Amino acid sequence: MTLSERAPEPNEPAVVVEDLRMRYGDKQAVDGLSLGVDRGTITAVLGPNGAGKTTTLETCEGYRRPQQGRVRVLGLDPQEQRRELLPRIGVMLQNGGAWSGVRAVEMLRHVASLHAHPLPVPMLVERLGLGSSGRTPYRRLSGGQQQRLALAMAVVGRPELVFVDEPTAGMDPQARHTTWELLDELRSDGVTIVLTTHYMDEAERLADQVHVIDQGRLIASGSPVDLTRGGATSTIRLVVTEPFPPTAPASLQTTLGESTTVQPISAHSLLITGPADPGTLAKVSAWCDEQGVLPESLTLGQRTLEDVFLEITGRELAV
Amino acid sequence: MSTSPTTGTAGATGTFAPRPGAAPLHRMVVAQARMETRLLLRNGEQLLLALVIPLIVLVGGIAAADHVGLKFSHSPVDTLTPGVLALAVMSTSFTSLAIATGFERRYGVLKRLGASPLPRSGLLAGKVGALLVVEVLQLVVIGAVALLLGWSPTLTAVGVLSAVAAVLLGTAAFASLGLFVAGALRAEATLAAANLIYLLLLAGGAVVFPVDSYGPAGGLLSLLPSAALGTAMRTAFLHGGFAAGAFLVLAAWTAVGTLLTARTFQWE
């Protein structure tokens, strides 16, 4: 029997969130959010801290009851059909989830024993580089090791769908790379992955589909390429040593003309979107000279999800 | 709807190809009980609570009785041992359970297991299983030490069955109260409260010393779960009998503890 035969409706999305609203006290954590996740994809829910990512994820995982709206995961209601749903999904919490005195391999073995057809524990331990910490109590593992263990716990039951909340927050580059490779391979083998992140590079590197959310609302959706293509394909980031005068963006905009847009990012930096040709660069240099500012860096690049976020919200995504 | 695909077919060939499913409930419960037993036994403070304090109370109580000339209707070791066994049950099913569960809440263990195939009833069954395993170990060790000190219990069928029933019902009563404390307070507050209540019940809860040795307050004390468990054990091993009143008190505490826990328990 294949995976698609097992699913009740193969083309039905893995996750459907419709007009979800969640309020805690004065804070509207999720404000009419609607989004879908296709089967067999990696979907990133991207947004700054406090955007409502974790609340949305935890509603899908059945931890929270939707105050308004509707959530379906693998066609099931995460509240009413919880017992049927849970064996089919894997959950990686943002932190914790293991006894303080438990050893990494022991914990993983325990979670494996709750499933009917778990993955071989030694293979996962090896893949995630947890071998050296196998006998260390959980409380003495580094943050990165705890996260890799949490990821292993999420996938050991061979789920159809995995929810991972900030999988690489605070990890060193090596560990991030290992984690990304594993998530890639899960997708190739037919697992659907929903991940929250506030890292642009993570979403661009991994995701087939990105949902950008801010203040509990969906503000953009699409593949990383669709989202970053936009009108102009290039950007120039200008960083200077002394703060710009307040009139600088308008002045540079006038200098460069209609074909480019100039956006202030901070007191020290500007983002120029448009054709990054020698002519534009020459104009930017001449303008710096004329304003008496000293460029610290002038970076050419593709438009990133970070730029997209900035353009839509007028704020930086940075934590 | 079937969620158990066969192996080795097209579309399910990769290492991580989905093949979800919960283990059978009995296997999950046994796994949970084994895990919790290992963690309980690994913890040094638990050992202190589970064995060292009861043994000190037993040996110290006998020595003190001889020294001060405390008068019991039976020999000191025969009088004190059933109560010390009751104390051991109380330490595990109330104090150890409360502390462990409090920290499981704190560290997100309960939350994480809440997203696993293990249902809450299975988690509870696993916890009870772990408690019973630890209690059997305690009863064997303490019983052996008591026998070495000259304990000669009255062994009748009714008495032995009463003792087993008292341990089970006492565990239920104290575990429900322990979970109530752990589910309502923060982990540190649970740690403090569970130890404090244990010490207060040890000192004044008529668990080790018979209710009548507390004078006029004894009648009121016998409504405590500690006194009820102590009385049930003493009746079983001193007289080979069944203390119906004590069982009623334990049943009432179980009902109260279960109701409070069900109403107030916070999983996170």
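What distance separates the centres of domain 1 of chain A and domain 2 of chain A, taken over C-alpha atoms?

Author: Okay, one thing to keep in mind as we go: this is a predicted model. Taken over C-alpha atoms, the centres of domain 1 and domain 2 of chain A are 39 Å apart. As for where those domains run, domain 1 of chain A covers residues 3-226, and domain 2 covers 231-302.

Now for the nonpolar cores. The largest one has 148 residues, and A:L108, A:A152, B:M90 and B:L229 are those with the most contacts inside it. Helix α3 of chain B, residues 76-106, gives this core its largest share, 14 residues. Another core lies apart from that one; it has 11 residues, including A:I236, A:L238, A:L252 and A:V262.

Let's zoom in on B:L229. If you skip its neighbours within four places in sequence, B:L229 still touches B:A86, B:V89, B:M90, B:A166, B:G170, B:V207 and B:L250.

Next, take a look at where the two chains meet. Chain A puts 39 residues into the contact, and chain B puts in 37. On chain B's side, α1 (25-42), α3 and α4 (109-114) supply at least two residues each. The biggest giver there is α1(B), with six residues. And what kinds of residues make up that side of chain B? You'll find 21 nonpolar, 10 polar and six charged ones.

Notes. Residues numbered from 1 in each chain as written. Chains lettered and ligands numbered in written order. Predicted model: local features only at pLDDT ≥ 70, side-chain atom pairs only at ≥ 80, totals over all residues. Domains from an automatic or database assignment. Core = buried A, V, L, I, M, F, W, Y, C linked by C-beta atoms within 7 Å. Buried ≥ 20, exposed ≤ 12 C-beta atoms within 10 Å, placed from the backbone. Helix = DSSP H or I, 4+ residues; strand = E, 2+ residues; numbered from the N terminus. Contact = placed C-beta atoms within 7 Å. Nonpolar A, V, L, I, M, F, W, Y, C, P; charged D, E, K, R; others polar.
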